[in-house]
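Good morning, everyone. Please look at the screen, and we will walk through one chain together.

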Amino acid sequence: MSENDKLAALLGSAYLLKKADDKIDSLERKISDVNNTVKSLLKDSNNFQKRTERLLDENKRLLKDIKQKIR
C-alpha cells in the first residue's frame, strides 16, 4: 500500500468519524429536547393533579354544606 493510499484511507476514516460524531451530536440534541418535553409534561400533569385534588376537596365541602342545608 502506497503512502497516497494510506493517506486516502486515513482521510476517509476521518471523514466517517466526523460524520458519525455529527450524527451523535444531533441525536444528543434530540434526546435533550425530548427530555425537556417530558419534564414539562410531568410538571403540567402534577399541576393538573393538584388542581383536580383541590377541586375535589371543594366539591366535597360544597356537597357537605348542601346536605346540611337540606336537613
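Let's start with Val34, which has its place in helix H1. A word on terms: helices (H or I, at least four residues) and strands (E, at least two) are DSSP runs, numbered from the N terminus. Val34, Val38 and Leu42 form a nonpolar patch on the surface. Patches are built from residues with over 30% relative accessible area and no salt bridge; like charges are joined within 9 Å, and nonpolar side chains (Val, Leu, Ile, Met, Phe, Trp, Tyr) within 5 Å. Accessible areas come from the Shrake-Rupley method with a 1.4 Å probe, and for residues only the protein chains shown count as cover.

Now, what are we looking at? This is a predicted model, where local features need pLDDT of at least 70, side-chain atom pairs count only at pLDDT 80 or more, and totals for chains, interfaces and linings use all residues. Residues are numbered from 1 along each chain as its sequence is written, and side-chain values use heavy atoms, with hydrogens and water left out.

Next, the whole chain. How many helices and strands does the chain have? There are 1 helix and 0 strands. Helix H1 covers residues 3–70. The C-alpha trace spans about 100 × 10 × 5 Å along its principal axes. The radius of gyration of the chain is 30 Å, while a compact globule of 71 residues would have one near 11 Å. That radius is taken over C-alpha atoms, and the globule rule is 2.2 Å times the number of residues to the power 0.38.

Some distances, C-alpha to C-alpha. Lys43 and Lys6 are 37 residues apart in sequence and 55 Å apart in space. For Asn46 and Asp5, take 41 residues and 61 Å. For Leu55 and Ile70, take 15 residues and 22 Å.

What share of the 71 residues counts as buried? The figure is 0%. Buried means under 20% relative accessible area, exposed over 50%, and partly exposed in between (1.4 Å probe, protein chains only). Lys43 is in helix H1, and it counts as exposed because its relative accessibility is 55%. Asn46 also sits in helix H1. At 41%, Asn46 is partly exposed. Leu55 belongs to helix H1, and at 47% Leu55 is partly exposed. The accessible surface of the chain comes to about 6,900 Å². Carbon and sulfur atoms hold 59% of that surface.

On to charge. The chain has 17 positive and 12 negative charges, and their mean positions are 14 Å apart. Lys and Arg count as positive, Asp and Glu as negative; His and the chain ends are not counted. Each charge is placed at NZ of Lys, CZ of Arg, CG of Asp or CD of Glu.

Side chains of opposite charge can pair when their charged atoms come close. The structure holds 2 salt bridges. A salt bridge is a side-chain nitrogen of Lys or Arg within 4 Å of a carboxyl oxygen of Asp or Glu.

Take Lys18 and Asp22. Their side chains meet in a salt bridge at 2.9 Å, N to O. Both lie in helix H1, 4 residues apart, about one turn of the helix. Lys18 is partly exposed at 47%, and Asp22 is partly exposed at 32%.

Now Arg61 and Asp65. Which distance goes with their salt bridge? The value is 3.2 Å, N to O. Arg61 and Asp65 are 4 residues apart in helix H1, so about one helical turn separates them. Arg61 is partly exposed at 44%, and Asp65 at 29%.

That's my tour. Thank you.
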